[in-house]
Structure formats: structure tokens, C-alpha cells
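The following note sets out, in numbered points, what may be read from the model shown below.

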Amino acid sequence: MKEHYQGLGHVAIETDDLEASIAFYEKLEGTVLKRDATPDGAKKLALVDFGGVCLELIQPQEKIAGGSGSIPHFAVYVDDLDAVAAQIKAAG
């Protein structure tokens with residue numbers, strides 16, 4: 001299965017203050033690659049290159065009881081999504 005993996009896509013990090021988080025990573029020589037928001041406007045997003053790792057900073061507009069609704073995750077690039085999905089499913 002590892003022959004399909006191309007590398008780390010990003011690591012998601014939730015923040016209460018997107019602008020302060022961006023400023024923090026910029027002070028450490030990180031570079032903002034993109035700013036965005038979810039289609040429904042529920043979350044602000046920023047992609048920051050930090051030492052060759054892409055960080056996805058996520059700021060929910062409001063906290064949801066029991067959590068924010070953001071899912072901590074990491075993403076990887078693959079060359080064949082269908083093949084990898086089948087292998088993951090077969091692995092349980």
C-alpha cells in the first residue's frame with residue numbers, strides 16, 4: 001500500500017484566533033499559502049507552510065457544545081485514491 005503514498009498533505013490545528021496564530025507562525029518564518037472559509041462560513045481557514053509542513057489552521061466562528069465540530073486530522077497525498085481506499089477498507 002505504501003507505494004501509493006506521495007507525502008504529507010497537511011496537519012490540521014484548531015485555533016480560537018486565526019490572525020494571532022498566523023502572526024505566530026509568520027514570526028517563526030512560516031508563510032501563508034492561502035486564506036479561505038468553509039462554504040457555509042462556519043469556519044475560517046488558513047494554510048501555512050511551516051518548515052516544509054503545511055499547517056491547516058481552523059477557527060470555528062462559534063463553539064459547539066461538546067466540541068467545535070472541527071476534526072483534528074492529518075492528510076496525505078496519494079497517487080491512486082481508489083486503490084488506497086480499497087486497501088484501507090480491506091485492512092479493516
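1. Salt bridges. The structure, which is a predicted model, holds 2 salt bridges. In general, side chains of opposite charge can pair when their charged atoms come close. Each of the two pairs is taken in turn below.

2. Arg35 and Glu19. The side chains of Arg35 and Glu19 form a salt bridge, with an N to O distance of 2.7 Å. This pair links distant parts of the chain: Arg35 belongs to strand E2 and Glu19 to helix H1, and the two residues are 16 residues apart. Arg35 is partly exposed, since its relative accessibility of 45% falls between the limits of 20% for buried and 50% for exposed. Glu19 is likewise classed as partly exposed, with a relative accessible area of 43%.

3. Lys34 and Asp36. A salt bridge also joins the side chains of Lys34 and Asp36, at 3.7 Å from N to O. Lys34 has a relative accessibility of 46% and therefore counts as partly exposed. Asp36, at 42% relative accessibility, is partly exposed as well.

4. Overall arrangement. The protein chain has 2 helices and 5 strands. Read from the N terminus, the order of its elements is β-α-β-β-β-β-α. Of the 92 residues in the protein chain, 27% are buried. Among contacts with a separation of 6 or more, 55% are between residues 24 or more positions apart.

5. The sheet. The 5 strands form an open sheet with mixed pairing, in the order E2-E3-E4-E1-E5. Strand E2 (31-37) and strand E5 (74-78) stand at the edges; each has a single partner strand, so one side of each is left without a neighbour in the sheet. On average, neighbouring strands of this sheet are turned by 20 degrees against each other, direction ignored.

6. Strand pairings. Strands of a sheet pair through backbone hydrogen bonds, either parallel or antiparallel. Both senses are found in this model. E2 pairs with strand E3 (residues 43-50) in the antiparallel sense over 6 bridges, and here Arg35, the salt-bridge partner of Glu19, stands opposite Ala46 in E3. E1 and E5 also run antiparallel and are joined by 5 bridges; in this pairing Leu8 stands opposite Val76 in E5. E1 and E4, by contrast, run parallel and are joined by 4 bridges, with Glu14 opposite Ile58 in E4.

7. The buried side of helix H1. Which residues of H1 are buried? They are Leu18, Ser21, Ile22 and Tyr25. These residues cover an arc of only 100 degrees around the axis, which puts them on the same side of H1. What covers the buried residues of H1 includes strand E1 (5-14), E2, E3 and strand E4 (53-60).

8. Ser21. Is Ser21 buried or exposed? Ser21, found in helix H1 (residues 18-27), has a relative accessible area of 15%; this residue is therefore buried, as the limit is under 20%. Leaving aside residues up to four places away in sequence, Ser21 touches Thr15 and Leu57.

9. The two ends of helix H1. At the start of H1, a side-chain oxygen of Asp17 reaches to within 3.2 Å of the backbone nitrogen of Glu19. After H1 comes Glu29, whose phi is positive, near 70 degrees.

10. Helix H2 and Leu81. Leu81 lies in helix H2 (residues 81-90). With a relative accessibility of 61%, Leu81 counts as exposed, since the limit for that class is over 50%. Leu81 and Tyr5 are 76 residues apart in sequence, and their C-alpha atoms are 9.5 Å apart in space.

Key
Residues numbered from 1 in each chain as written. Predicted model: local features only at pLDDT ≥ 70, side-chain atom pairs only at ≥ 80, totals over all residues. Heavy atoms only, no water. Pairing = 2+ DSSP bridges. Axes fitted to C-alpha atoms, helices over the stretch in contact; angles between N-to-C directions. Buried < 20%, exposed > 50% of the residue type's maximum accessible area, 1.4 Å probe, protein only. Contact = heavy atoms within 4.5 Å. Salt bridge = Lys/Arg side-chain N within 4 Å of Asp/Glu carboxyl O. Arc of directions from axis to C-beta. Polar contact = N/O pair within 3.5 Å; in protein donor to acceptor, adjacent residues only side chain to side chain.
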